[in-house]
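This briefing is meant to be read with the sequence and the model side by side. Please keep both open while going through the points below.

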Amino acid sequence: MGHRRVSAPHRSSLGYRRVRARRIVPSPRAWPEYDGSSKLMGFLGFKAGMTHCVYVVDRLRSHLVNREVTVSVTVVETPPMVVFGLRGYNKTPYGLEIIADLRTLERKDELKRKVKTPKNYDFEKTKKIFEEKLDEIDELRAIVHTQPHLTGIGMKTPSIAEIKIGYKSINEGYEYGLSLLGKEVLIRDVFKPGEFVDSIGVTKGKGFQGPVKRHGVKILQHKSKGTKRGVGSIGPWTPGRTMWTIPRYGQMGFNVRTEYNKRIMQIGSDGAEIVPKGGFVNYGLVKNNYVLLKGSIPGTKKRTVMLREPMRKAPQPEKEPRILYISTESQQG
């Protein structure tokens, strides 16, 4: 860079994987360690939109402690989730391996759109085989599906995901999972107001874009050879290949992203408390239980998001915030 008159720092960030998501329903790549009483460590919901609220700051180290502050919040509609299966994994040098699987025969009619009911399925026999392999299981997960038909987003086919079961012992976790088979789980059974969660979702897709929009590279002068909306050089003669660090065109957006430590401001069951007049734009009314998360989360409206137990230590003690006002003003002008 000795011949340059200006600095040329690297454009864009190398800390993100810019690959298109394989599926619309996010799947966590890891789950936190847990040794408390048995519980599900995640929940699926649908992003409805954003509004703002006024609450009393309760972080003791903050210079705004005990003051009223306006913050933006994201509304996630969380209709009851149904557990219809259990799955046991064994840790191998090549990752997790499925060694046991159990499904319930009591299924919702909506699930038939996604999963075919097996013929001549012997539940008691499969359950016995599952229990014989409990000593080999290193991680136990529940197979759940959403109920989007309870919402107003116009979606009928449920989303399916695996959620880890937290437990002290494998036998305790298995009994807990067995008690949930075929039943609905509410958001209050998993999380409480004031807790911190990780929000995992698929971002808004923007299609195939060039390096100017995708990486923010500088547009070249109008007399440049070849192109203006591109990089001036994609690499030297030696080595004779293009490095992965060079800003190039490609897929932009529709990536799996995780937001860490999003605080749950409120969990409610009456959507009229938080829905703006006329409903959320491009979503409508919230008809089920909902969660208010402080700040924004990745994904578009109506998109399925995963709320997971936090991987990192909470930045402050978990206690329910004191909310004074939630805006319900119309967002339609």
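What follows covers the overall fold, the nonpolar cores, the aromatic pairs and a surface patch.

The structure is a predicted model, and its chain has three helices and 15 strands. Of the 333 residues of the chain, 45% count as buried, and the C-alpha atoms fill a box of roughly 75 × 55 × 40 Å along the principal axes.

**Overall surface and contacts**

- The accessible surface of the chain comes to about 19,000 Å², and carbon and sulfur atoms account for 49% of that area.
- Among contacts in the chain with a separation of 6 or more, 78% are between residues 24 or more positions apart.

**Nonpolar cores**

- In soluble globular proteins, nonpolar side chains tend to be buried together.
- The largest nonpolar core has 41 residues, and the members that touch the most other members are L40, V83, L86, F130, F191 and L293.
- A second, separate core is made of 19 residues, including F46, Y55, V71 and L292.
- Leaving aside residues up to four places away in sequence, L293 touches S72, V73, T74, V76, V197, K262, R263, I264, M265 and L307.

**Aromatic pairs**

- The structure holds two aromatic pairs, and such a pair of rings is described by the distance of the centres and the angle of the planes.
- The pair of F130 and Y174 counts as stacked because the ring planes stand at 20°, with the centres 5.4 Å apart.
- Because F130 lies in helix α1 (residues 123-132) and Y174 in helix α2 (residues 170-180), this pair ties together parts that are 44 residues apart in sequence.
- F130 and Y174 are both buried, and F130 is also one of the residues listed above for the largest nonpolar core.
- The pair of F208 and Y249 is tilted, with 5.8 Å from centre to centre and 40° between the planes.
- This second pair links distant parts of the chain, 41 residues apart, with F208 in strand β10 (residues 205-209) and Y249 in the loop between α3 (211-215) and β11 (250-253).
- F208 is exposed, with a relative accessible area of 61%, whereas Y249 counts as partly exposed at 49% relative accessibility.

**A nonpolar surface patch**

- L14, M243 and W244 make a nonpolar surface patch of about 360 Å².

Methods
Residues numbered from 1 in each chain as written. Predicted model: local features only at pLDDT ≥ 70, side-chain atom pairs only at ≥ 80, totals over all residues. Heavy atoms only, no water. Patch = residues over 30% accessible without salt bridge, like charges linked within 9 Å, V, L, I, M, F, W, Y side chains within 5 Å. Areas by Shrake-Rupley, 256 points an atom, 1.4 Å probe, with all protein chains shown as cover. Salt bridge = Lys/Arg side-chain N within 4 Å of Asp/Glu carboxyl O. Core = buried A, V, L, I, M, F, W, Y, C linked by side-chain atoms within 4.5 Å. Buried < 20%, exposed > 50% of the residue type's maximum accessible area, 1.4 Å probe, protein only. Contact = heavy atoms within 4.5 Å. Phe/Tyr/Trp six-rings, centres within 6.5 Å; stacked < 30°, edge-to-face > 60°. Helix = DSSP H or I, 4+ residues; strand = E, 2+ residues; numbered from the N terminus.
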